[in-house]
Amino acid sequence: MKEVVIIIVQSFENLYVHQRNETKKRYPNLYGLGAGGKVEPGEDITVAAKRELKEELNLESEVEKLFDFDFPEGPYKVNVYRTSYIGEGIIPLSEEFRWGGWMNLRELDQLSLEKKLCPDTKIVYERFKKEFFKL
């Protein structure tokens, strides 16, 4: 199985974060980055990333492939993309998320310390921060 995650960057330090609904089977109430979901059989991975962005956050944007990795708990391959967004008005799909908004790296680090990030998101976030922020 393949999945995509699209990290949405507003500024150097602000990333779009969502909290999953309590009704979700996988990782209820935990926090994730941007948008994401599974790649349909035969679907191009980049097309899947754009589709998930539109379905979950009603955004249409170009995406840039960053990296992928094998997530052992699935098991599945996670394909990570990035897009930029200027503005405030992202409205998350209510069936998917109970909350969505912008967080800086310090706030995300705190969620990670409190074990409130989805396990796959924690891997994505740590690698993204290490390879693309060079703090």
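Start by selecting β2 (15–20) and β3 (31–33): β2 and β3 pair in the antiparallel sense over three bridges. Strands here are DSSP runs of E, at least two residues long, while helices are runs of H or I with at least four residues, and both are numbered from the N terminus. Two strands count as paired if DSSP finds at least two bridges between them. Click on His 18 and look across to β3, where Gly 32 is the bridge partner.

Before going on, please note that this is a predicted model, in which local features need pLDDT of at least 70 and side-chain atom pairs count only at pLDDT 80 or more, while totals for chains, interfaces and linings use all residues. Numbering runs from 1 along each chain as its sequence is written, and side-chain values use heavy atoms, with hydrogens and water left out.

Gln 19 stands opposite Trp 99 of β7.

Now show the side chains of β2. Is each face of β2 covered or open? Both are covered: Leu 15, Val 17 and Gln 19 are buried on one side, and Tyr 16, His 18 and Arg 20 on the other. Buried means under 20% relative accessible area, exposed over 50%, and partly exposed in between, with a 1.4 Å probe and protein chains only. Because six of its six residues are buried, β2 is largely enclosed by the rest of the structure.

Next, select Arg 26 and Glu 3, whose side chains meet in a salt bridge (3.0 Å, N to O). Arg 26 sits in the loop between β2 and β3 and Glu 3 in strand β1, so this pair ties together parts that are 23 residues apart in sequence. A salt bridge is a side-chain nitrogen of Lys or Arg within 4 Å of a carboxyl oxygen of Asp or Glu. Glu 3 is buried at 8% relative accessibility, whereas Arg 26 is partly exposed at 31%. The structure holds 15 salt bridges.

Which residues lie nearest the centre of the largest pocket? They are Glu 3, Arg 20, Arg 26, Gly 36 and Gly 37, out of 25 lining residues. The pocket was found on a 1 Å grid over the protein atoms alone, as an open set of points with protein on both sides within 12 Å along at least five of seven lines; lining residues have an atom within 4 Å of a point. Its volume is about 470 Å³, taken as the space filled by probe spheres set on the points, which are joined across faces, edges and corners. The largest share of the lining, four residues, comes from β4.

Move on to Glu 52 in helix α1. Glu 52 is buried, with a relative accessible area of 7%. What does Glu 52 touch, leaving aside residues up to four places away in sequence? Its contacts (heavy atoms within 4.5 Å) are Val 4, Ile 6, Ala 35, Gly 36, Gly 37, Lys 38 and Leu 57. Glu 52 also forms a salt bridge with Arg 51, at 3.0 Å between the closest N and O atoms.

Finish in helix α3, with Glu 131 and Arg 127 four residues apart, about one turn of the helix. Their side chains meet in a salt bridge (2.7 Å, N to O). Glu 131 is partly exposed at 33%, and Arg 127 is partly exposed at 29%.

Definitions and conventions. On a 1 Å grid over the protein atoms alone, a cavity is a set of points where a 1.4 Å probe fits but cannot get out, and a pocket is an open set with protein on both sides within 12 Å along at least five of seven lines; lining residues have an atom within 4 Å of a point.
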